[in-house]
Amino acid sequence: MPRASREGKNTGDTQLDESDLPRSERPTIIERGKKFAAYDKNGKLLILGYEKRIVQEYADAQTKVRLKRQ
């Protein structure tokens, strides 16, 4: 029986880094049960929500606005 090759298998679990923010300024996303929370680098809560994509986009936008003000 031939063995199946896993080279071309796409698991869909790949994490892509699409943020254009500097690594030190990126918000931290935490999952608790069904909720996601985004915190800035100082530990301040930015947003709490049920969809990770929405939480991530909002947190990135808030961080960009804060960086532009500096």
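A salt bridge is taken here as a side-chain nitrogen of Lys or Arg within 4 Å of a carboxyl oxygen of Asp or Glu. By this criterion Glu-57 forms a salt bridge with Arg-53, the closest N and O atoms being 3.5 Å apart. The structure is a predicted model, in which local features need pLDDT of at least 70 and side-chain atom pairs count only at pLDDT 80 or more, whereas totals for chains, interfaces and linings use all residues. Residues are numbered from 1 along each chain as its sequence is written, and side-chain values use heavy atoms, with hydrogens and water left out.

The secondary structure of the protein chain comes to one helix and three strands, where helices (H or I, at least four residues) and strands (E, at least two) are DSSP runs numbered from the N terminus. Along the sequence these elements follow the pattern β-β-β-α. Of the 70 residues of the protein chain, 19% count as buried; buried means under 20% relative accessible area, exposed means over 50%, and partly exposed lies in between, with a 1.4 Å probe and protein chains only. The protein chain exposes about 6400 Å², of which carbon and sulfur atoms supply 48%; accessible areas come from the Shrake-Rupley method with a 1.4 Å probe, and for residues only the protein chains shown count as cover. Contact means heavy atoms within 4.5 Å, and among contacts in the protein chain between residues at least 6 apart in sequence, 25% join residues at least 24 apart.

Strand S2 and strand S3 (residues 45–49) pair in the antiparallel sense over four bridges, two strands being paired if DSSP finds at least two bridges between them. Within this arrangement, Tyr-39 stands opposite Leu-45 in S3. S2 and S3 form a hairpin with five residues between them, and Gly-43 in the turn has a positive phi of about 90°.

The largest nonpolar core has five residues, namely Phe-36, Ala-38, Ile-47, Val-55 and Ala-59. Strand S2 (35–39) and helix H1 (52–69) are the elements that give two or more residues to this core. A nonpolar core is a set of buried Ala, Val, Leu, Ile, Met, Phe, Trp, Tyr and Cys residues joined through side-chain atoms within 4.5 Å. In soluble globular proteins, nonpolar side chains tend to be buried together. When residues up to four places away in sequence are not counted, Ala-59 touches Pro-27, Ala-38 and Leu-46.

The structure holds three salt bridges, and Glu-25, Lys-41 and Arg-66 are linked in a network of such bridges. Glu-25 lies in the segment before strand S1 (28–32) and is buried, with a relative accessible area of 13%. The side chains of Glu-25 and Lys-41 meet in a salt bridge (3.2 Å, N to O). Because Glu-25 lies in the segment before S1 and Lys-41 in the loop between S2 and S3, the pair ties together parts that are 16 residues apart in sequence. Lys-41 itself is partly exposed, with a relative accessible area of 47%.

Arg-66 also forms a salt bridge with Glu-25, the closest N and O atoms being 3.1 Å apart. This pair links distant parts of the chain, with Arg-66 in helix H1 and Glu-25 in the segment before S1, 41 residues apart. Arg-66 counts as partly exposed, at 24% relative accessibility. With neighbours within four places in sequence left aside, Glu-25 is in contact with Lys-41, Thr-63, Arg-66 and Leu-67.

As for the Glu-57 and Arg-53 pair, these residues are four residues apart in helix H1 and are therefore separated by about one helical turn. At 45% relative accessibility, Glu-57 counts as partly exposed.

Gln-56 likewise has its place in helix H1, and at 24% relative accessibility Gln-56 counts as partly exposed. Although Gln-56 and Arg-26 are 30 residues apart in sequence, their C-alpha atoms are 9.8 Å apart in space. Apart from residues up to four places away in sequence, Gln-56 touches Pro-27 and Ile-29.
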